Amino acid sequence: MKSHKTLVSHSSAAVVTGAGSGIGRSFALEIAKRGGSVICADIRVERAEETAEMIRRSGRMAHAVACDVGEAEHVRELSERAPELLERPVTLIVNNAGIGIGGPIGEVSLEDWKACLHVNLWGVIHGCHYFVPQIKALGYGGVINVASAAGFAAAPEMTTYNVTKAGVLSLTETLYAELAGTGVSVTALCPTFVPTNIVRDGKMPENRKEFAGKAMTRFALTNSDTVAKKTLDALDKGRLYMLPQIDGRIAWLFKRATPSLYAKALGETYRLIAG
């Protein structure tokens with residue numbers, strides 16, 4: 001077993017999904033800064049290519065690959081191509097790709113439910129299914145699954161998104177236990193508000209979308225670059241959870257201490273805001 005004193009995030013051969021913007025792009029750039037080579041995967045390959053070009057300009061290796069993470073065959077093909085593209089085995093997978101879908105229970109269409117599950121949950125399942133065995137076989141490496149504070153905070157009218165992120169959090173916790181002692185580090189990232197394109201590109205009622213977009217900027221206590229740095233540092237230290245913002249940490253502690261009171265307070269706040 002390799003010690004966590006070995007910096008998993010440095011000089012890694014990494015695959016980052018959703019690398020075309022936001023947190024995914026920040027992960028890709030930060031990994032390259034730490035001496036790594038990166039496959040930038042995104043359903044919008046032109047965005048992935050922008051990220052890859054930024055990395056190549058810094059003198060590091062990067063490739064852009066089109067990938068719909070919700071499609072098992074796409075991720076399987078990516079896992080088979082990755083070692084050849086990177087010229088060595090994959091040592092780090094960052095399952096980051098995600099979409100935002102919200103709305104009240106009963107009003108979100110089943111098609112939207114399926115779309116959110118397709119990317120946010122199945123995308124991470126596929127990434128773990130195909131890449132974790134490769135990394136485990138090395139006896140060294142890391143897995144970062146981008147969950148969200150939404151996975152435990154349970155904000156009203158975000159059920160679709162919340163459910164997928166709760167699934168990612170549970171998957172990551174299970175994986176952490178399963179891989180204990182193998183030399184593979186596993187970290188779940190659970191941010192609150194971080195300015196990204198997820199609201200703009202997501203689907204929710206227009207009035208809620210406008211509110212969420214403003215909140216994403218107004219209440220953000222950090223940016224995607226800082227989140228990526230902190231999460232990679234947490235991976236190096238063998239930490240399961242990375243809650244990069246104080247509001248997320250407060251919500252986490254409040255809910256764990258008094259879950260019923262937390263849910264009641266959240267509901268009352270929602271009714272005040274919703275009018």
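**View 1. Aromatic pairs in the predicted model.** The structure, a predicted model, holds 3 aromatic pairs, where rings of Phe, Tyr and Trp (its six-membered ring) pair if their centres lie within 6.5 Å. Local features need pLDDT of at least 70 and side-chain atom pairs count only at pLDDT 80 or more, while totals for chains, interfaces and linings use all residues. Residues are numbered from 1 along each chain as its sequence is written, and side-chain values use heavy atoms, with hydrogens and water left out.

**View 2. The pair of Phe152 and Trp252.** The ring centres of Phe152 and Trp252 lie 5.0 Å apart with the planes at 80°, so this pair is edge-to-face (planes over 60 degrees apart; under 30 counts as stacked and the rest as tilted). The pair links distant parts of the chain, 100 residues apart, with Phe152 in helix H5 (residues 150-153) and Trp252 in helix H10 (residues 246-257); helices (H or I, at least four residues) and strands (E, at least two) are DSSP runs, numbered from the N terminus. Phe152 is buried at 7% relative accessibility, and Trp252 is buried at 15% (buried means under 20% relative accessible area, exposed over 50%, partly exposed in between, with a 1.4 Å probe and protein chains only).

**View 3. The pair of Tyr241 and Trp252.** Here the ring centres are 5.0 Å apart and the planes stand at 55°, so the pair is tilted. Tyr241 belongs to strand E7 (residues 241-242), 11 residues apart from Trp252 in helix H10, and Tyr241 is partly exposed at 26% relative accessibility. Phe152, Tyr241 and Trp252 together form one aromatic cluster.
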